[in-house]
Every structure is written in structure tokens, then in C-alpha cells.
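Subject: Structure for you to look at

Hello,

Here is the structure I said I would pass on. Please open it and keep it in view while you read the notes below.

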Amino acid sequence: MVPIFLKQLLYKALGPKLYLELQYLGKIRDITQKKVFEKELYLLPMIVHKGETAVDVGANYAVYSYHLSKAVGETGHVYAFEPIPFTHRVCEKLLKHFNLRNVRLLRQGCGNFSGKTIFETPLQSFGAISAGQAHLGGRINDMDGKERHYKFKAAAKVECDIVRLDDALPQLDNVSFMKLDIEGAEYFALQGAAGLINKNYPIILCEINPFFLKGFGIDLKEFLDFMAGLGYRLYFYTHQEGHHRLAETKMEEVEENNYLFIHPCRMDRFKAIRQDT
């Protein structure tokens with residue numbers, strides 16, 4: 001991790017355009033050396049098969065797109081969505097650097113409507129955006145718990161395209177996996193993908209942060225009931241010292257973390273790890 005004071009000096013010295021190049025070079029290192037790596041990435045080679053299609057909602061700096069590209073192979077496809085111009089440009093350069101030809105990157109956010117809308121990009125103290133916490137506009141952040149979940153004092157607003165996945169990917173019939181990490185708007189994106197989900201029943205990796213959900217006026221029970229209505233059950237995955245554990249999770253156990261929504265028809269994909277369940 002680059003110290004904040006060094007980022008500040010570099011941003012002021014280089015300006016936004018050259019800072020983008022610095023971010024790009026740093027993310028190459030992060031991906032190749034696994035300096036940015038979530039435990040759920042261990043699952044991808046086991047549960048995503050060659051020739052299939054995956055969807056990456058909130059592609060950010062291409063970490064999941066990179067690993068999904070390897071998982072689906074040359075005959076598979078990855079559709080990656082990243083609406084924020086700065087982040088999209090870095091992601092685009094990373095995909096080109098790694099020659100990930102099976103990844104199609106779209107400069108769109110995902111929600112429950114298609115059109116244009118405002119996104120908010122939190123600003124670091126020295127003026128650069130904090131790409132990992134960019135989010136759909138309208139979220140209330142000034143609530144109890146802000147000190148833990150949202151420490152920014154300023155944010156820039158940018159108009160971006162947003163799309164329902166049912167509108168963007170209506171013909172796909174081989175989607176086995178979806179990943180969503182969009183800072184509390186995951187429920188909206190899943191609402192806009194109900195047709196795609198009912199057609200494919202993909203395994204869904206979803207960040208759930210009750211604080212951010214509340215900021216959008218989303219009730220956690222409503223969210224989980226919606227997914228249950230689609231036939232899904234909620235699971236939490238842990239990986240420790242080479243051992244996997246997949247445990248079904250109750251609503252009262254949910255806290256800020258990544259969770260898996262799994263339809264019963266996809267549970268066979270987890271046979272290799274369920275011995276540790």
C-alpha cells in the first residue's frame with residue numbers, strides 16, 4: 001500500500017492524467033502479486049467452468065474480471081460493468097495489458113432502470129477520487145456508523161449511464177456466475193437482472209453492507225426475501241489454511257461482508273468443498 005502522504009505528493013506533482021498512469025501501474029502489481037485478493041477468488045476455478053459466461057458488476061480495477069477471464073477460458077465470456085470514467089479508463093488499460101480478450105468492458109452502472117443518473121465519487125483529502133467507494137447518487141451517508149463506513153468529507157458528482165442487466169444482456173443463456181460490489185446498490189442491480197437470473201440461475205457473489213443498504217432506504221429483509229423469491233439461499237464462505245467452509249447464513253447473522261446467493265440447481269458445483277462444510 002502506498003502511504004497517503006506519498007499519494008498526495010504524487011497527485012499534486014503529476015496531475016490527474018499522470019496519476020491515472022500511476023494507478024494503472026500499481027494495479028498491475030496488485031493483480032500479478034495478489035496484493036489485492038479476496039478469499040472468494042479461491043472458489044472461481046472450482047465453480048466457474050470453461051466456456052461459460054460471467055458478469056462483473058462494479059469491475060473497478062479489474063481484479064475479478066482478471067480471475068474470471070482465466071476461469072471461463074478462451075471460449076468463455078466476461079461482461080464487466082464500470083461506470084466511473086477514471087476507473088473505467090484504468091480498468092480498460094489493465095484488460096489490454098493482460099490481453100484479456102474474452103472480457104467486454106462496458107462504461108455503465110447497473111440498476112433497476114436504464115438511462116442516465118448521477119454517481120458520487122468520494123474524494124480523498126488531496127483531491128483524487130476513492131474509486132472503491134464510488135456509488136449511485138442519493139445514498140445517505142450521514143448516519144450512525146459513518147465513522148466506520150464512510151469517512152470522506154467531500155465527493156464529486158458525475159453523470160453516468162446506467163442499465164438494467166435484463167436490457168443489456170437479454171440473450172445470454174450460459175451465465176453461471178455474477179459478482180456485484182456496488183456499495184449498497186446491489187439490490188437495485190439484482191432487481192434489474194431478475195429475468196437473467198430466472199433464465200440462468202447463476203451463482204451470485206454479492207457484497208452486503210447493511211449501513212449502505214440503509215442509506216438507500218433498502219431493508220435487508222426485503223432484499224433477502226426478494227432473492228428467496230427467486231429460489232436462492234444465502235451462504236457465507238470462509239477459507240483458512242487451505243480449508244473451505246460454506247455455511248448457510250440467517251438474516252440476523254449478516255454484517256458487512258461478501259456473501260453467496262446459491263440456487264439449489266447450482267449446489268453441485270460446491271461438491272469439492274462441501275466436505276469441509
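The model is a predicted one. In general, the strands of a sheet pair through backbone hydrogen bonds, and the pairing is either parallel or antiparallel.

Both strands are part of an open sheet of eight strands with mixed pairing, in the order β3-β2-β1-β8-β9-β12-β10-β11. At the edges are β3 (103-106) and β11 (243-248), each of which pairs on one side only. From one strand to the next, the twist averages 20°.

Next, the helix on this sheet. Helix α10, residues 220-229, packs there and touches β9 (203-208), β10 and β12 (257-262). The direction of α10 makes about 175° with that of β9.

Which residues of α10 are buried? They are L220, F223, L224 and M227. Seen down the axis of α10, these buried residues fall within an arc of 90°, so they line one face of the helix. They pack against β9, β10 and β12, and also against the helices α7 (186-191) and α9 (210-215).

Last, the two ends of α10. At its start, a side-chain oxygen of D219 comes to within 3.0 Å of the backbone nitrogen of K221. After the helix comes G231, which has a positive phi, near 95°.

Regards

Technical notes:
Residues numbered from 1 in each chain as written. Predicted model: local features only at pLDDT ≥ 70, side-chain atom pairs only at ≥ 80, totals over all residues. Heavy atoms only, no water. Pairing = 2+ DSSP bridges. Helix = DSSP H or I, 4+ residues; strand = E, 2+ residues; numbered from the N terminus. Axes fitted to C-alpha atoms, helices over the stretch in contact; angles between N-to-C directions. Contact = heavy atoms within 4.5 Å. Buried < 20%, exposed > 50% of the residue type's maximum accessible area, 1.4 Å probe, protein only. Arc of directions from axis to C-beta. Polar contact = N/O pair within 3.5 Å; in protein donor to acceptor, adjacent residues only side chain to side chain.
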